[in-house]
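Colleague: I would like to learn how to read a structure like this one, feature by feature. Could you walk me through it?

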Amino acid sequence: MRWFNKQSRLIQILLLLIPFVNLVTEVVVRVTAIAEKPTLGNILGIVLALVTGGLWGWVDLIWVILFNHLCLAD
């Protein structure tokens, strides 16, 4: 998750804007977040990313634009 947060906002937005890259980015960032800090928010984030098939990435795109971090990422 640190890797994603170190990227510029433009790179973060581009990674979440492209549909297939969005899903891959979500899964990788969420798995590393769980490895670093296994909280309920991080676990719920990966479950939502996998269950929605990338639609949660669009929520995260808006969240990154507004709050500069992924939704449900501690």
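Modeller: Gladly! Let us begin with contact, which means heavy atoms within 4.5 Å. Please keep in mind that this is a predicted model.

Colleague: Thanks. Which residues in α3 meet which residues in α5?

Modeller: From α3, the residues are Asn22, Glu26 and Arg30, and they meet Trp56, Gly57, Trp58 and Asp60 in α5. Sorted by class, this contact of α3 with α5 has three charged, two polar and two nonpolar residues.

Colleague: At what angle do α3 and α5 pack?

Modeller: Helix α3 covers residues 19-36 and helix α5 covers residues 55-67; they pack at an angle of about 75°, and their axes are 9 Å apart. That angle makes α3 roughly perpendicular to α5, because angles of 65 to 115 degrees count as roughly perpendicular.

Colleague: Now the inside. Which residues make up the largest nonpolar core?

Modeller: Here is the general idea: in soluble globular proteins, nonpolar side chains tend to be buried together. In this model, the largest nonpolar core has ten residues in all: Met1, Phe4, Leu15, Leu16, Val29, Ala33, Leu61, Val64, Leu70 and Ala73. Helices α2 (9-17), α3 and α5 are the elements that give two or more residues to this core.

Colleague: Let me try a single residue. Is Gln12 buried or exposed?

Modeller: The cut-off to know is that buried means under 20% relative accessible area. Gln12, found in helix α2, has 0% relative accessibility and therefore counts as buried.

Colleague: And what does Gln12 touch?

Modeller: Leaving aside residues up to four places away in sequence, Gln12 touches Phe4, Asn5, Gln7 and Val64. The side chain of Gln12 also reaches the backbone oxygen of Phe4, at 2.6 Å. Both Phe4 and Val64 belong to the largest nonpolar core.

Colleague: What about Leu40: buried or exposed?

Modeller: Leu40, in helix α4 (residues 40-51), has a relative accessible area of 71%, so it is exposed. From C-alpha to C-alpha, Leu40 and Lys6 are 23 Å apart in space, and they are 34 residues apart in sequence.

Conventions: Residues are numbered from 1 along each chain as its sequence is written. This is a predicted model: local features need pLDDT of at least 70, side-chain atom pairs count only at pLDDT 80 or more; totals for chains, interfaces and linings use all residues. Side-chain values use heavy atoms; hydrogens and water are left out. Axes are lines fitted to C-alpha atoms, for helices over the stretch in contact, and angles run from 0 to 180 degrees between N-to-C directions. Helices (H or I, at least four residues) and strands (E, at least two) are DSSP runs, numbered from the N terminus. Angles under 35 degrees count as roughly parallel, over 145 as roughly antiparallel, 65 to 115 as roughly perpendicular and the rest as oblique. Ala, Val, Leu, Ile, Met, Phe, Trp, Tyr, Cys and Pro count as nonpolar, Asp, Glu, Lys and Arg as charged, and the others, Gly among them, as polar. A nonpolar core is a set of buried Ala, Val, Leu, Ile, Met, Phe, Trp, Tyr and Cys residues joined through side-chain atoms within 4.5 Å. Buried means under 20% relative accessible area, exposed over 50%, partly exposed in between (1.4 Å probe, protein chains only). A polar contact is a pair of N or O atoms within 3.5 Å; within protein, one must be able to donate a hydrogen and the other to accept it, and residues adjacent in sequence count only if both atoms are side-chain atoms.
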